Amino acid sequence: MVALPAASLLRGKSSEVADRVFKLAMVLCGAAVLATLALIVYELVLRSGPSWHAFGMKFFIADEWDPVNAKFGALPFVYGTLVSSFLALLIAVPLSIGVAVFTTEMCPVFLRSPLSFFVELLAAIPSVVYGLWAIFVLVPILSNYLEPFLGKTLGWTGFFDGPPYGISMLAAGIILAIMIIPIISSITREVLMVVPRHQREAALALGATRWEMIRVGVLRNARAGIVGGIILGLGRALGETMAVTMVIGNRPEIAKSLFAPGYTMASVLANEFSEATGDVYLSALIEIGLALFLVTIVVNALARVLVWSVTRNQAVGSHA
Amino acid sequence: MPETTRISALHQVPPIALRRRIVDHVMTAASVLTVFIVLAPLFAIFAYLVYKGLGSINLAFLTQTPKPVGESGGGMANAIVGSCVILGIASVIGVPVGIGAGIYLAEFGRNRFGDSIRFTADVLNGVPSIVVGIVAYAIVVLSQRHFSALAGGVALAIMMIPTITRTTEEMLLLVPRSLREAAYGLGIPRWRTTLSITLRTATSGVITGVMLAFARVAGETAPLLFTAFGNQFWNVNINQPTAALPLQIFNYAISPYDEWHRQAWAGALVLIVLIVTAVAAVRVAVRRGTFGAA
């Protein structure tokens, strides 16, 4: 490289050193991101070791959680996490897709941005505030109205059986649903918006009604991306802690009825971690944390790949 | 006139079957209904916060520490200050590292190492907050041998970094290449160009990213449960257990006392107002700044 005379005057040795120091500092910041993840994995694996050695794979199959007698089985928590998250998806998915379809396809243009603003405002409410509201507003509604009604009409299925206390798996599922709606609906909206206009026009030209156009021309094309959004919502639901802890009842039992209390992996950590006495107890809790960490990583990676595949393909398609 | 005849000819196409029209209307009505169902909890939450919280906020709530159980009165002043201390620590650690990593990705990161950082940041973003709490406990609390504001700050910093990194990168990449080239052409060293030209141009976007990260962690409770732990008394020593607003709301909400429930609502209202004003204030300031520069 031949330096120009003027530049060489300004870019002396000192600025070259400064450049190098600057780059090094930025590299270190970037490396800190990698180091953080490495540290998380390292600490979780290291400290869950005693529990892993004591129980092995049986840890996740055993259903007895009795710290006093040093019996640790994580199945009730795994069950609670899966059921509450699945319930949340069951409620949130149709609602989120409905909202996304309304905002992109039906609503007057002037309503579009305030509507998405309001839905995204749901994402800004802290988890503990959701929990507070759920304890004092949602749970009484459930125990006074919804649960007696469900018990009377659907009690025979066994899913809506038992006394309607309000504090239940059902309450956790509903509050989780409210919390993941903004995620699923904003991703769905994004994905719907990249569906090319001509898909809609083609459907309409064939004589489709508006709903047929949405179903055939829009939703079908956006399928993979919507599924990605749903999985991203699932990732959030699996790891959600405070609101669930406040309404699920925190009892490590596996019950068929959604009216019964339950317990999730995240909420057992929240409740018992700071009081855990003894190495095995603490280690068992950290192993639950490790499992939660691994599951959410897999779920999030899957979701990202799905969303990315749709938005990327569409972007390429629109250029062609 | 011939136009009209042609259109009326079109009308002889058999009308859309009744069933299809009904389905169309039903589905339209259903999506309108979903909007109402989704917005109902939002308005219900804000209505309850204002209705229950506003009545409980008074000077004592904002200036006093909690009273013992059974006595009415007292407040959350220590928790409000504690939250500020913890968030301050989190920002001091998280903001420079996050922005630095963002700069690395935007200016030097078009390689394998950069890609791995991008991927890691996305993964970190999805880690449940309670797991971050465990790690902060393992790193800070176990080595200090007691709960502390520092541990809480570290936990929240870990949660801030990925968001700040990715938004900073995005914002820096929006700055036109020509601006950087112009600076190099003037003989300005690279570090100076990055800091005074590129970062300066992207300031408003970077600050917005920082505020998003800040708002996200300000309401976090789970990572503080076994790091900052909470405290019923005044404490500004960052090496001691410290109260935080979200923790206090949690503890009061699950308590059996009406007086504490009242204060939990008040605390929740204060928390929401703090988050919203912090974000709004910065938005306004940034907007004014960019208009001033333009």
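The model is predicted; local features need pLDDT of at least 70, side-chain atom pairs count only at pLDDT 80 or more, and totals for chains, interfaces and linings use all residues. Residues are numbered from 1 along each chain as its sequence is written, while chains are lettered from A and ligands numbered from 1 in the order in which they are written.

**Chain B**

- Chain B contains 12 helices and 0 strands (DSSP runs numbered from the N terminus: H or I of at least four residues for helices, E of at least two for strands).
- The radius of gyration of chain B is 26 Å, whereas a compact globule of 294 residues would have one near 19 Å (taken over C-alpha atoms; the globule rule is 2.2 Å times the number of residues to the power 0.38).
- The C-alpha trace of chain B spans about 90 × 65 × 40 Å along its principal axes.

**Helices α3 and α9 of chain A**

- The axes of α3(A), residues 75-106, and α9(A), residues 223-239, come within 9 Å and cross at roughly 140° (axes are lines fitted to C-alpha atoms over the stretch in contact, with angles from 0 to 180 degrees between N-to-C directions).
- α3(A) and α9(A) are therefore oblique to each other (angles under 35 degrees count as roughly parallel, over 145 as roughly antiparallel, 65 to 115 as roughly perpendicular and the rest as oblique).
- Residues of α3(A) including S85(A), L89(A) and I97(A) meet residues of α9(A), among them I230(A), G233(A) and L238(A) (contact requires C-beta atoms, placed from the backbone, within 7 Å).

Note on methods
Contact = placed C-beta atoms within 7 Å.
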